[in-house]
Amino acid sequence: MTRPNTNRLARFGVTLVGLAALLVAVSLATGIRMVALAPIYMFTPMVAGLVAVLTSDVSLSTVGLRLGRPRWLAAAALVALPLVGLTLLISLLVPGVSFDPTANPLPGVPLPGGVVGLLVVFGIVLVAGVTINAVFAFGEEFGWRGYLLWELAPLGFWKASLSIGSLWGIWHAPVIFDGYNFPSFPAVGVGMMVLACVAFSPLYTYLVLRAESVFAAALVHGVFNGSAGFVVVYARADSEALAQLVASPVGLAGVAAFGIVTALLVARETPKLTRQRLGGTLADSTAD
């Protein structure tokens, strides 16, 4: 049985940690906050993945760098909006959280009223999510759901997904400690981010498998990042703890939303994770 290659994993890990340490050092030396460096930091998993792949006999297409299946790429882009909607709904079911109908999700942008305005907002978020946001998301996803998912595929769907989710969450620590997402609770926030990333990871894996392309993860990640602000804007919480740890796309409401959708997707059958499927060389009749 093929096993994860420890040499490739070591090159990936050393590069990832080294780049993170370098950016933290730059932040400390210059006074530039890690949150400000986040757009650069997002590309460190991609660089680590490229180092692991390009220093071995593994091709980029083998680890998912291909167009894949267009309709599943479209599904990956579209699923993020219902997920954000479900997160908002779950948030509003929590005592102490209420809906703010006067909120403007795009401050400074004049919007038509009613349903038309809502559709305009969705359109803007979707376009931004599949373009600029997806570019930055790809900086993460080539490392996580490109190289690393392929490398850990022998562990199976759940072990690989949860392992990647855990690392993904821990990787956020430098920006979380600098106030990202959980400014009032940085230490607890790191643990919350790990929990959120673990909850997100199986769905991302599922979409990459169905699309046979790492671009699926970049699309859902990009649109989710772009639309997640809906929860923050419309859900008004009575306390900072509720706002940051519960009624948040990376709080308990987001964890619950992703958990529900993942359970529905795998209720029929957990998709089989293999390197052949990720490489697009193994047909799967259940993927349609």
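Asn181 counts as partly exposed because its relative accessibility is 29%, where partly exposed denotes the range between buried (under 20% relative accessible area) and exposed (over 50%), with a 1.4 Å probe and protein chains only. The model is predicted, so local features need pLDDT of at least 70 and side-chain atom pairs count only at pLDDT 80 or more, while totals for chains, interfaces and linings use all residues. Residues are numbered from 1 along each chain as its sequence is written, and side-chain values use heavy atoms, with hydrogens and water left out.

Asn181 lies in the loop between α8 (173-177) and α9 (186-211); helices (H or I, at least four residues) and strands (E, at least two) are DSSP runs numbered from the N terminus. The phi of Asn181 is near 70°, a positive value in a residue other than glycine. Glu212, in the loop between α9 and α10, also has a positive phi, near 55°. Glu212 is classed as buried because its relative accessible area is 14%.

Helix α10 comprises 13 residues, 215-227, and extends 18 Å from its first C-alpha to its last, close to the 18 Å expected at 1.5 Å a residue; the expected span is 1.5 Å times one less than the number of residues. Of the 13 residues in α10, 10 are buried, so that the helix is mostly covered. Among them are Leu219, His221 and Phe224.

Elsewhere, Val109 occupies the loop between β1 (97-99) and α5 (114-130). With 35% relative accessibility, Val109 counts as partly exposed.
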